[in-house]
Amino acid sequence: MPMLLQVENLSVGFRSVQPGTGTPRMARAVEEVSFCLDRGGSLCLVGESGCGKSVTALSLLGLLPSPPARLLGGRVLFEGEDMLRLPPEKLNRLRGGRIGMIFQEPMTSLNPVLKVGEQVAEPLIVHFGMRPAEALKRAVELLAEVGLNNPDRRAADYPHQLSGGMRQRVMIAMAMACRPSLLIADEPTTALDVSVQGQILDLMREMRESAGSALLMITHDLDVVARSADQVAVMYAGRIVESGPVGATLADPLHPYTAGLVASRPRLGWEQRSGLDVMRAKLVQARHGRLSAIPGTVPPPLERPDGCAFSTRCPQVFDRCRAEMPPLLPLTDGKVNEGRSCRCWLR
Ligand SMILES: Nc1ncnc2c1ncn2[C@@H]1O[C@H](COP(=O)(O)OP(=O)(O)OP(=O)(O)O)[C@@H](O)[C@H]1O
Ligand SMILES: [Mg+2]
């Protein structure tokens, strides 16, 4: 069976000007990003702010403003069709239909002047051709499925009458209304407090398991990765630097950047973590040195160093890193590292 989603060498830039000189330049925000997603599978793109996670997701969906954004290369095969080359009306039909989307801030995605029931009903009318009364009835069922009490009454509320967590539940109901084969979620829980975050992640899992949807999740939070996906791709400065199964990647990161993210994973104090977590973290520290937080920030596209983009922050940097960009290569050392790739001269 073919893959559900195959992203091949996706490169996206923004028309920009060189700081200082004012010369026009192409800021390459995403460079040669490739990943695949099986039907029903789940993959997280993770990395710090400015790594290119949202640009990747938005370009799949044709949602980047162009100009300034420009597709510089690559293909995105969804159910066999290249989404980057679909005519706008066909792409529109996919969005909200076979592809559901959830974004970080529900207030920007929900329409403030429409009742939430009408908003959840809309994709059913547009994509399934339901009559409005029938769609509204299904919308109320969906609001119940995402855990809203009194869904009949809530359906008549406007978004501002709901809490942040409830609004995110409404977004999930909308995104899942047409039982999409792919759900794309960009930082869906970042604006929520930790306990609500967990509930929303559990809800997303239940909803997508019942619909058989695959998940492409974008987050900067490794706890979200651990809770929501089977596969992870770590992005740094527009490129994937490591990818593989979530368990192995978090337990034994290959790339110094991933190791830095793992070692600086906040949230729980040592005493609250399981013995296994503590052991793993000690192992990572023994191998990669203590990185309580990675110093510095992700360089913007026009300020990336030569060679490996992480070389300016890497505790294990050596000469070759500053001169040559390492390729992303699959690991070949046996079963434990099956399905893992890393972009580092040390591997
Ligand atoms: N509309 C735009 N015009 C110009 N540059 C942009 C635009 N959108 C994004 N960029 C640039 O592309 C790069 C990647 O941004 P992106 O939004 O994908 O980061 P991200 O990984 O999603 O970060 P965050 O965690 O903050 O959401 C950044 O350097 C950003 O400045
Ligand atoms: Mg983003």
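Two strands count as paired if DSSP finds at least two bridges between them, and the strands themselves are DSSP runs (E, at least two residues), numbered like the helices (H or I, at least four residues) from the N terminus. The views below show a predicted model, in which local features need pLDDT of at least 70 and side-chain atom pairs count only at pLDDT 80 or more, while totals for chains, interfaces and linings use all residues. Residues are numbered from 1 along each chain as its sequence is written, chains are lettered from A and ligands numbered from 1 in the order in which they are written, and side-chain values use heavy atoms, leaving out hydrogens and water.

View 1. Let's begin with strands β1 (residues 5-17) and β4 (residues 69-78), which run antiparallel and are joined by 8 bridges. Within β4, Arg70 stands opposite Gly13. The open sheet has 4 strands in the order β2-β1-β4-β5, with antiparallel pairing. Because β2 (24-37) and β5 (81-82) each have a single partner strand, they stand at the edges, and one side of each is left without a neighbour in the sheet. Helix α1 (residues 53-60) packs on the sheet and touches β1, β2 and β4, where contact means heavy atoms within 4.5 Å. The direction of α1 makes about 110 degrees with that of β1; axes are lines fitted to C-alpha atoms, for helices over the stretch in contact, and angles run from 0 to 180 degrees between N-to-C directions.

**View 2. Ligand 1 and its shell.** Here 13 residues surround ligand 1, the closest being Ser49, Gly50, Lys53, Ser54 and Val55; a residue belongs to this shell if one of its heavy atoms lies within 4 Å of the ligand. The largest share of the shell, 3 residues, comes from α1. Look for the oxygen atoms of ligand 1: a polar side-chain atom of Lys53 lies 2.9 Å from one, and a backbone N or O atom of Gly50 lies 2.8 Å from one. For Ser54, a polar side-chain atom lies 2.8 Å from an oxygen atom of ligand 1. The protein covers 64% of the 630 Å² of accessible area that ligand 1 has on its own, by the Shrake-Rupley method with a 1.4 Å probe.

**View 3. Ser42 in strand β3.** Ser42 lies in β3 (residues 42-46). Its relative accessibility is 2%, so Ser42 counts as buried, a term for under 20% relative accessible area (1.4 Å probe, protein chains only). The side chain of Ser42 reaches the backbone nitrogen of Asp230 at 2.9 Å. Not counting residues up to four places away in sequence, Ser42 touches several others, including Leu37, Arg208 and Leu215.

Terms used: Buried means under 20% relative accessible area, exposed over 50%, partly exposed in between (1.4 Å probe, protein chains only). A polar contact is a pair of N or O atoms within 3.5 Å; within protein, one must be able to donate a hydrogen and the other to accept it, and residues adjacent in sequence count only if both atoms are side-chain atoms.
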